[in-house]
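Welcome! Please take a look at the sequence and the 3D view below, and then let us walk through them together.

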Amino acid sequence: MRLCTPPTFTSEGTPASSGSQDHRPLPPDQQPLSPQPSPSFSKMPRTDEAAAFFHAVYAAVQEIPPGKVTSYGHIAKLVGTPQRPRQVGVCLKHLPTDPTARFHHANVPWQRVINAKGVISPRSQPSGSLNQAAALEAEGVTVMAGALGELSVDFAEFGWFPRILPSEAAMGIVPESDDDEDGSDGE
DNA sequence: CGGTAGGCTAAAT
DNA sequence: GATTTAGCCTACC
């Protein structure tokens, strides 16, 4: 099994955070000249750097195909900060509901992000996770309910764990293939 | 302005 | 395998 190699590819050459963390995949021509908050964000995070992180996370989440799910940790890796899966959760938690914002609840498929165990994080209230499960079911994702009320998704079937973001792949970024993901064993 | 909790994870017991 | 420990950084009290 494991044709799509779930969260187990630690052999990544990501420099991680060495002292100052600013390895955003943002091209130099897209970096704002001044630390002025974009009008798209009604409420900006504390620092400009955090804003970039939020942006990267939201953009990455938007690339998750419908009917697929991934983990917080994987999103963290995709945006270049594999050590901060928790912050990914923070980003989604603070995802604006305001439709005028660049990223909001309706255009960012937050429901497609669950934890590494394949379980929808109950976070603080179960209603939220139930809502998330419903949203996933609506996309065709099968959500299994455990005896303890834990809602899990089969990563083998619905998992989405690309090595890099599709948008970056389209840019021609090919980070060497050290693993063969033919998945001939099926499941 | 300092301390704690939080939509997490991987590694070590 | 089930717990515990250790990183991480932001939001909130």
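## Reading the model

Helices (H or I, at least four residues) and strands (E, at least two) are DSSP runs, numbered from the N terminus. This is a predicted model, in which local features need pLDDT of at least 70, side-chain atom pairs count only at pLDDT 80 or more, and totals for chains, interfaces and linings use all residues. Residues are numbered from 1 along each chain as its sequence is written, chains are lettered from A and ligands numbered from 1 in the order in which they are written, and side-chain values use heavy atoms, with hydrogens and water left out.

## Where the protein meets DNA

Let us begin with DNA strand B. A residue is near the strand if one of its heavy atoms lies within 4 Å of it. DNA strand B is surrounded by 20 residues, and the closest are Tyr72, Arg86, Lys93, Ala116 and Arg123. Sorted by class, this surface has 9 nonpolar residues, 8 polar ones and 3 charged ones. Here Ala, Val, Leu, Ile, Met, Phe, Trp, Tyr, Cys and Pro count as nonpolar, Asp, Glu, Lys and Arg as charged, and the others, Gly among them, as polar. Helix H2 (72–78), helix H3 (85–93) and strand S2 (113–114) each supply at least two residues of the surface, and the largest share, 7 residues, comes from H3.

Which parts of the DNA face the protein? Of the atoms of DNA strand B within 4 Å of the protein, 52% belong to sugar or phosphate and the rest to bases. A polar side-chain atom of Gln87 is 3.4 Å from a base nitrogen of DNA strand B, while a backbone N or O atom of Leu92 is 3.2 Å from a base oxygen. For Ser121, a polar side-chain atom lies 2.9 Å from a phosphate oxygen of DNA strand B.

Now find helix H4, residues 126–138.

Just after H4, Gly140 takes a positive phi of about 100°.

Contact means heavy atoms within 4.5 Å. Trp160 sits in the loop between helix H5 (155–158) and helix H6 (166–170). With a relative accessible area of 12%, Trp160 is buried. Leaving out residues up to four places away in sequence, Trp160 touches several residues, including Glu63, Pro65, His74 and Leu78.

Leu78 belongs to helix H2 and counts as buried at 7% relative accessibility. Beyond four places in sequence, Leu78 touches Trp160, Pro162, Arg163, Ile164 and Leu165. Finally, Ala60 is in helix H1 (residues 48–62) and is buried, at 0% relative accessibility. Its contacts, apart from neighbours within four places in sequence, are Ile75, Val79 and Leu165.

Key: A polar contact is a pair of N or O atoms within 3.5 Å; within protein, one must be able to donate a hydrogen and the other to accept it, and residues adjacent in sequence count only if both atoms are side-chain atoms. Buried means under 20% relative accessible area, exposed over 50%, partly exposed in between (1.4 Å probe, protein chains only).
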